[in-house]
Amino acid sequence: MEQYVIKGGIPLVGEVDIAGAKNAALPILSAAIMSNETVTLENLPDVNDINVLIESIEKIGAHVERVDRHTVKINGSTISDCAVDYESIKKIRASYYLLGALLGKYNRAEVPLPGGCNIGSRPIDQHLKGFRAIGAEVSISHGTIIAKAERGMRGAHIFMDVVSVGATINIMMAASRALGRTIIENAAKEPHVVDAANFLNSMGADIRGAGTDVIRIRGVEKFHGCTYSIVPDMIEAGTYMMAAAATKGDVVVRNVIPKHLEAVTAKLIEIGCEVEEGDDSIRVVASRRLMRTHVKTLPYPGFPTDMQPQMGAVLAVARGTSIVTESIFENRFKYVDELSRMGANIKVEGNTAIIDGVSGLTGARVSSPDLRAGAALVIAGLAAEGFTTVDDIVYIKRGYEDFDKKLQSLGAEIREVASERELRKFELSVG
Ligand code: EPZ
């Protein structure tokens, strides 16, 4: 029964260090097993999804050494099994990256079909299309994807029907060891796609064009070891920027790449925040009530879908009527009902939310429907008058390292509690 309890109404002030990107670390951890030499990964975020994937990598036989909280050494030479178990994929969808890594290295892989999740059906047809294009036979039997290429894989020209981060990276991993040249058109351009390509190249791959919509790969025989540091997490950074905006605070997010957050920064300026960009930091100051805007989520460099719930929480208390359109996933407004319990005035019609800003929210007991919606509810609780309790914070801990501690360092009155007694104690202590 882990919960966050928050006493809202306090402007966040101070500086916060941003961790490595979860959505870059997941494919990079998977790709690390493609070398038979030792790969050292630094700046890994210490979040549940990362730790579950590391366990899955150990389960298939790779040697893993946890150097410290943010550093791991992986050696794939001891892998004994190309089959990933159901427990792993059930815990995190992104275990599907092991499909591209194992197929690329061993020409065969068995990974259970990842289920949907709370934000949508999450198909993987584009992943399988890419594997088939480079010569793998892909079948699905008893809920497991079986991919094999007895005669090896050969490069191909692949046009993605949908811009997909996961499929772009998964195909890039497998194709990096396919004979000849592969071209991926209509590729995803997210910073974590670029980071995955940079990591593969640091192991000896030959990948060009990552970050554009055409990626060119020339297959290589084998990978050597390397040391690599994960790119900063633009979504974690954006989440703290939104928290500053919602609480009329003054927050500097450090260890970021401002360019990755251009769409988020532009929206914050549009609604009335002052934003100062440094070389590796961004400062957000919100001194007056914010204004309405229109937001549509798009593949990078558009406004990120992973920032949509957090933006919704900020607009819930902005002046005027805002429109938020979610064009990537079909079920990413589940936080709206929870916000309404705090006094928000939001109507969802299909993939659009119409948000009539209210002058303020009041604390309530809410529960996290998914990772980013949970973060949005914490932002709402920080802005609300009174106490908010957020249930099901296990979702939040999948993607945010030390979320409560980092917010406390910015002046927030937030605690993780595990019982009613602890909750009461906190409420009494902060008054
Ligand atoms: C990644 O998911 C991220 N997860 C998501 O972040 C993020 O929201 C998403 O990219 C979009 O940026 C990780 O990186 C682990 P997609 P992914 O394939 O790769 C459709 C978070 O909160 N599609 O880019 O699964 C799909 O249905 C998570 O950190 C197909 O149709 O997303 C969606 O509509 C949530 N067929 C669209 O493409 C496919 O084969 C984009 O999905 C694959 C995807």
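1. C226 has a relative accessibility of 12%, so this cysteine counts as buried under the 20% cut-off. C82 is also classed as buried, at 8% relative accessibility. The model is a predicted one. A search of the whole structure finds zero disulfides. A disulfide would be a covalent bond between the sulfur atoms of two cysteines.

2. Helix 6 covers residues 165–175 and is mostly covered, with 10 of its 11 residues buried. The buried residues are G166, A167, T168, I169, N170, I171, M172, M173, A174 and A175.

3. Salt bridges number 23 across the whole structure. Side chains of opposite charge can pair when their charged atoms come close. Three of these pairs are taken up below.

4. E15 and R254 form a salt bridge through their side chains, with an N to O distance of 2.3 Å. E15 belongs to strand 2 (residues 13–17) and R254 to strand 14 (residues 250–254), so the pair ties together parts that are 239 residues apart in sequence. Neither end counts as buried, because E15 is partly exposed at 44% relative accessibility and R254 is partly exposed at 32%.

5. Strand 14 also holds D250, whose side chain meets that of R283 in a salt bridge of 2.6 Å, N to O. R283 sits in strand 16 (residues 281–285), 33 residues from D250, and the pair links distant parts of the chain. D250 has a relative accessible area of 21% and is therefore partly exposed; the cut-off for buried is under 20%. R283, at 29% relative accessibility, also counts as partly exposed.

6. The side chains of R424 and E427 meet in a salt bridge with an N to O distance of 2.6 Å. Both residues lie in helix 14 (residues 420–430), and because they are three residues apart, about one helical turn separates them. R424 is partly exposed, with 42% relative accessibility. The pair belongs to one network, in which salt bridges that share partners join R365, D391, E420, R424 and E427.

How values were computed:
Residues numbered from 1 in each chain as written. Predicted model: local features only at pLDDT ≥ 70, side-chain atom pairs only at ≥ 80, totals over all residues. Heavy atoms only, no water. Buried < 20%, exposed > 50% of the residue type's maximum accessible area, 1.4 Å probe, protein only. Helix = DSSP H or I, 4+ residues; strand = E, 2+ residues; numbered from the N terminus. Disulfide = S-S within 2.5 Å. Salt bridge = Lys/Arg side-chain N within 4 Å of Asp/Glu carboxyl O.
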